[in-house]
Amino acid sequence: MAKSSPEDEHPIKTLAWGARDSSGLISPFPLSRRENRDEDVNIKILYCGVCHSDLHAAKNEWGFTSYPVVPGHEIVGVVTSVGNNVKKFKAGDQVGVGVIVESCKSCENCEEDRENYCPKLVYTYNAHLHDGSKTYGGYSDKIVVDQRYVLRIPENLPLDGTAPLLCAGITVYSPMKYYGMNEKGKHLGVVGLGGLGHVAVKIGKAFGLKVTVISTSPKKKAEAISKLGADSFLVSTDPEQMKAAAETMDYIMDTVSAVHALAPLLSLLKLNGKLITVGLPNKPLELPISSLVVARRMVGGSNFGGLKETQEMLDFCAEHNIAADVEVIKMDDINNAMERLAKSDVQYRFVIDIANSLK
């Protein structure tokens, strides 16, 4: 029996854009979504953020893209219908879907609301659900998701600026909570002022931290301080500035995905300081152990967050009026946006206006 095409696999016709090969070119790609099961939420997608992971996946830069791929895991929309067992959501609710759409629900991590560390987690795109069907992401006009993996969007948050919080926001919020990097009055350094870094600055300030942006680019100083509210700015390539800032920070959030030196960053930490990395460089970084030993410093990592913590992050952002700074684009601008993203030419996240692009 011939395998059905993505367009015919399920009953609900769906407009989408995807990449068919490692050129990464994204073009119209018709697919289909399943009918609601008892636990499902059917969502009309309004906005979808463009994460750096989307670019890597479209071009197969990590080596495990299964084409065709429809990217997008920063999804915001409105519920159109729900399955028989869904009590948390109803038609008309503002909701979001982040990085995962399924997990085993029974392992220790799932039972402790850490679905993001489940060995059987299923990503929102470029993966396969436990029933074998392929996942396609938010560069589409609708999606059907198990209610456990659907998030409620607080009414006061702007929908376009909320989309990136579902990946970038939780990726910086989760380690700040887990590693105790939220003690009022302490000093946080944020390395890199991109999609993750600019949200880390805002969340850090909301926790009551003193925040210093650490960047190789002096021209970002004005925006870091006047626009994002950072307290100070440190040019990491300036030896005098780095020397003056030695042993002044309690925590550092390293959001950089390029290969870079850790030793200069560790020198900025006080006794018991913590350097937490959330970027994914494609080669191992050199770690000077002596710098850890002499000042009881720590290096850690963190993935995004579970669903309970992601909802907590959204509610925290609503309480403190935090949203990502975004450039809204139409779907047919996506390839130009990807080119600009590769050059870090965006402040600070592209978001696709799905509702007014896919009709």
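This is a predicted model: local features need pLDDT of at least 70, side-chain atom pairs count only at pLDDT 80 or more; totals for chains, interfaces and linings use all residues.

Residues are counted from 1 along the chain. Rolling a probe the size of a water molecule over the atoms shows where empty space is left.

Start with an open site. The second largest pocket has a volume of about 300 Å³. Its lining holds 17 residues, and R114, Y117, S174, Y178 and E309 are the closest to the centre. Which helices supply at least two residues each to this lining? They are helix 4, residues 168-178, and helix 10, residues 307-319. The lining also spans domains. At least three of its residues come from domain 1 (12-167 + 324-353), and at least three from domain 2 (168-301).

Two packed helices are described by the angle between their axes and the distance between the axes. Helix 4 packs with helix 5, residues 195-206, at an angle of about 50°. The two axes lie 8 Å apart. An angle of this kind falls between the roughly parallel range, under 35 degrees, and the roughly perpendicular one, 65 to 115. Helix 4 and helix 5 are therefore oblique to each other. The crossing of helix 4 over helix 5 is right-handed.

How many cavities reach 30 Å³ or more? The count is two.

The largest cavity has a volume of about 210 Å³. It is lined by 16 residues, and those closest to its centre are R33, R34, L129, K134 and V144. Two strands each give at least two residues to this lining: strand 4 (31-33) and strand 10 (142-146). Strand 10 provides the largest share, with four residues. By class, the lining of the largest cavity has five charged, five polar and six nonpolar residues.

The second largest cavity has a volume of about 70 Å³. Its lining includes G98, V99 and I100, then Y149 and L151. L166 and I170 also line this cavity, as do F304, G305, L307 and T310.

Methods. Side-chain values use heavy atoms; hydrogens and water are left out. On a 1 Å grid over the protein atoms alone, a cavity is a set of points where a 1.4 Å probe fits but cannot get out, and a pocket is an open set with protein on both sides within 12 Å along at least five of seven lines; lining residues have an atom within 4 Å of a point. Grid points are joined across faces, edges and corners, and a volume is the space filled by probe spheres set on the points. Domain bounds come from an automatic or database domain assignment. Axes are lines fitted to C-alpha atoms, for helices over the stretch in contact, and angles run from 0 to 180 degrees between N-to-C directions. Angles under 35 degrees count as roughly parallel, over 145 as roughly antiparallel, 65 to 115 as roughly perpendicular and the rest as oblique. A crossing is left-handed if the near helix is turned anticlockwise from the far one by less than a right angle, and right-handed if clockwise. Ala, Val, Leu, Ile, Met, Phe, Trp, Tyr, Cys and Pro count as nonpolar, Asp, Glu, Lys and Arg as charged, and the others, Gly among them, as polar.
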